[in-house]
Amino acid sequence: MLFDLPDSATLYQALLQRDPDYDGRAYVGVSSTGVFCRLTCPARKPRPENCTFYASVGECIQAGFRACKRCHPMAPAAEADPAVKTLLTALAERKGHRWSEPDIVRMGLDPSTVRRAFNRHFGMTFLEMARLERLRNAHVALAGGGKVIEAQIDAGFGSANAFRDAFSRLMGKPPGSFAADALIRADYIDTPLGAMIALCDRTHLHLLEFADRKALPAELRRMHQVFKGRIGFGRHAPLDLLEAELDAYFSGRSGQFSVPLAFHGSDFTKSVWHALVEIPAGQTRSYGRIARDIGRPSAVRAVARANGANQIALLVPCHRVLGADGSLTGYGGGLWRKQKLIEIERQYG
């Protein structure tokens, strides 16, 4: 399981020593190269600050890393399942191909069987894996100052319209809507629970969401309206601080965050978000308790709506709010993440 892994220092030593005891049990994502590896990889070792450790291949992919071509970290799953091996080989050979279920059928494979196999090994379907790989290539190109057409080619989209549509579904707006000299910037942050997209200016964080949240495109479109389209790619200093604090949070070193937050909502909604920030890590609250805390005891449903409208995950801890009976209730990032976050925070209680 993810949270049974040793601390990062122990795993980094295992990486330096190419310890075979961790082969298949832990993987390292290297931020400077965008690649993830087995800890036994023979490649030159990265600096510790560039390393994030994961318990599964699927977590590495969801965090935006691609598989190393030297140690082939996806090989064990492929060897265990011929269908997986066939499709991973095809994915590597047909870079940029827009995969669909008919492609899978034409290869003599059953889509439902393939779906179950990939979910079992990687926590995502083959089609989701292919899509993430393509869009990740596009974001890397744009964040590096590349032109939209270059990002489209890197992502393997032959059609400009198809690229804009796919990019818009993820980022809320087509790539050309992101300003080159923007004061507000968007960038990825990798976490053990999947990649997140953060939006900040030179002093404050405005948005932090898991990249696969269905509401993210709408939230980003709203941010474009708030900032009149002045959003670009890249990062400001608060994102570096946020990345360091998220690493400390997930590694069990600290449950505190100091990144300044900027709220965009009504006065009532902001009051709910401020109340959420006051919930200590390791504790939970009910919607009714929060309504009482802000002096609006009859506004339980409105509190629930404001909780669901939160655009700064983790730092505004809407995951710490449970139903009146203690049930997890809804969470935009997925109930499985809510459960994991609560498990992490038990050590801070």
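Residues are numbered from 1 along each chain as its sequence is written, and side-chain values use heavy atoms, with hydrogens and water left out. Because the model is predicted, local features need pLDDT of at least 70 and side-chain atom pairs count only at pLDDT 80 or more, whereas totals for chains, interfaces and linings use all residues.

The secondary structure of the chain comprises 15 helices and 10 strands. Helices (H or I, at least four residues) and strands (E, at least two) are DSSP runs, numbered from the N terminus. The chain has 349 residues, and 50% of them count as buried. Buried means under 20% relative accessible area, exposed means over 50%, and partly exposed lies in between (1.4 Å probe, protein chains only). The accessible surface comes to about 16,600 Å². Carbon and sulfur atoms hold 51% of that surface. Accessible areas come from the Shrake-Rupley method with a 1.4 Å probe; for residues, only the protein chains shown count as cover. Among contacts in the chain with a separation of 6 or more, 59% are between residues 24 or more positions apart. A contact means heavy atoms within 4.5 Å.

Two strands pair if DSSP finds at least two bridges between them. Strand β1 (residues 27-30) runs antiparallel to β3, and four bridges join them. V28 has F53 in β3 as its bridge partner. Axes are lines fitted to C-alpha atoms, for helices over the stretch in contact, and angles run from 0 to 180 degrees between N-to-C directions.

Another open sheet of four strands has the order β7-β6-β5-β8, and its pairing is mixed. Strands β7 (205-210) and β8 (231-233) each have a single partner strand, so one side of each is left without a neighbour in the sheet. Neighbouring strands here are turned by 25° against each other on average, direction ignored. Strand β5 (residues 184-189) runs parallel to β8, and three bridges join the two. R185 stands opposite G232 in β8. Helix α11 (residues 237-250) lies across β5, β6 (196-200) and β7, at about 25° to β5.

The structure holds seven aromatic pairs. Rings of Phe, Tyr and Trp (its six-membered ring) pair if their centres lie within 6.5 Å; planes under 30 degrees apart count as stacked, over 60 as edge-to-face and the rest as tilted. The W99 and F126 ring centres are 5.2 Å apart with planes at 80°, so this pair is edge-to-face. The pair links distant parts of the chain, 27 residues apart. W99 is in the loop between α4 (82-93) and α5 (101-106), and F126 is in helix α7 (residues 126-143). Both W99 and F126 are buried. R94 lies over the face of W99, at 4.9 Å from the ring centre. R337 lies over the face of F210, at 4.0 Å from the ring centre. A charge sits over a ring if NZ of Lys or CZ of Arg is within 6 Å of the ring centre and within 35 degrees of the ring normal.

Y249, F250, F257 and Y348 form one aromatic cluster. Y249 also touches E345. E345 is found in helix α15 (residues 335-345) and counts as buried, at 2% relative accessibility. Leaving aside residues up to four places away in sequence, E345 touches Y249, A281, G282, H319 and R320.
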